[in-house]
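Trainee: Could you take a close look at one helix for me and walk me through how it packs against its neighbours?

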Amino acid sequence: MVGMEEEEEEEQRRPPVSPFGVYFNSSSISLAVLAVLEIEEPINIPHSRLVFLLDTLLLRVHPRFSSVIVTGKDGEQRWKRVEVNLKDHIKTAVFPENRSPEYYEERFSSYLSEISAELFLGNRPLWEIHFVKYPTTNAAGNVVFKIHHAIGDGYSLMAALLSCFKRSDDPSLPLTFPDIRIRRSGDAGGGKKAAAFNTVSDLWTSFSKTKLLADDLSPVRSGETGVGFRPISAATMAFSLDQIKQIKSKLGMTVNDVVTGTVFLGTRMYMKEMEPGSEDAETTSIVVLNTRMLRSYNSVHDMMMSKATESPWGNHFAFLHVGLPKLMVGGATGNDDNGGRQESTMARRSLEFLKATQKVIQKKRSSVAVHLNGGLIQLYRKLRGSEAASSYVYWAVKNTSMAITNMIGPTEKMTLADHHVKGLYFLLAGNPQNLTVTMVSYMGQMRVSIGTEKGFIDPNKLKSCIQRAFDLILNSTC
């Protein structure tokens, strides 16, 4: 009897999985982050040094990197500490030797696609590190951290990964980050009545998308189930933060307005090219927002302290449904004009679309639905249970067309085990949508990544449409 009581006490001492961690580790959704580091020189890290680094840095940065998820007798998911065999977590890709960078670029893309569809084993901590020691067109080698979203959100995971890096120019100095201008709910103006109306509207949109209405089927939404368990294809592009800020200043917008509007415009242009007429389809994006009040990354130690209420460890975010504006007649493609008027028409319509996007986002800023949504899901979980709440989140996402999320990266170049990181981007695997757009800033650039269901959306064609949208907006303003 004493043994059973001790076992129950030990179980209760195990920290519970956060609500969103539970939602993202269910039969409906299994969401993982793939953080890709493009390395400047050939990767040559002795195995003994790698094991030492992972053991002394990553495993000690937070207990969740050495824990598995178990379900207690009360039905609650909790974190259980286990012994970590690092050999199970270190993967090295093997490709044919002496091939061209273009060949290895294609193989690396296929490799990312393969590991995106692989589920973590439940008896091991939910992370892996993959080494691809072949030169691609972008880098001499690539390192991929694959981490389950139950461990933490992008903010937490970025802070954890950054603890493993050093500043390239001076390892004794800390990495720094761009300044963040915090916009709280209601900042957009319009008064209390407008805020109340927008809040009610957003709550109704979230509920209807979950329970009643789904986006139209289109070249970016198949509507099929099981999408999250299929391989993804990826493409990335880099935009100058200085150019984005030029557009922002000229038009009186935020960086987020410019980048989101560019992605939305490029998506509409892709839809028009792939299926004329579909650019007017009802298309909604899930925009993921971190609910922390933050200005920079706190250390993992600070996150774990009870007083660090502004940026605690875990999954602390919410999502809003943002409808993509309709494409104007001609769709910024110039198909309705000829000769010299075509360029001016394209430019004017691209700016009209960007301003329409800004207007939608401003309404969302005056709403407090982003906070209420999380509370409502929590209430739903208490009333119906974790699996029902996971299903609710699943349908809230699946009934829309795309997701867009962003993170802030360092201003300076980083090194990992004396290897310089020339590029950084991340992808989401397991999203039940056909399209996910992720963004991260690094060394003065905004890296935009497209993750699409393999075989359904052409990521390179979509990439070219987004790049063309940015060029139209940049040329129109600057």
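Mentor: The axes of H7 and helix H8 (residues 255-274) come within 8 Å and cross at roughly 105°; axes here are lines fitted to C-alpha atoms, for helices over the stretch in contact, with angles from 0 to 180 degrees between N-to-C directions. Helices are DSSP runs (H or I, at least four residues), numbered from the N terminus. H7 and H8 are therefore roughly perpendicular (65 to 115 degrees). On the H7 side, Ile244, Lys245, Ile247 and Lys248 make the contact (heavy atoms within 4.5 Å), and they meet Val255, Val258 and Val259 of H8. That contact has five nonpolar, no polar and two charged residues, where Ala, Val, Leu, Ile, Met, Phe, Trp, Tyr, Cys and Pro count as nonpolar, Asp, Glu, Lys and Arg as charged, and the others, Gly among them, as polar.

This is a predicted model, so local features need pLDDT of at least 70, side-chain atom pairs count only at pLDDT 80 or more, and totals for chains, interfaces and linings use all residues. Residues are numbered from 1 along each chain as its sequence is written, and side-chain values use heavy atoms, leaving out hydrogens and water.

Now the other neighbour: H7 (residues 241-251) packs on helix H13 (residues 459-477) at about 55°, with the axes 10 Å apart. Gln243, Ile244, Ile247, Lys250 and Leu251 of H7 touch Phe470, Ile473, Leu474 and Thr477 of H13. By class, those residues are six nonpolar, two polar and one charged.

Conventions
Helices (H or I, at least four residues) and strands (E, at least two) are DSSP runs, numbered from the N terminus. Angles under 35 degrees count as roughly parallel, over 145 as roughly antiparallel, 65 to 115 as roughly perpendicular and the rest as oblique.
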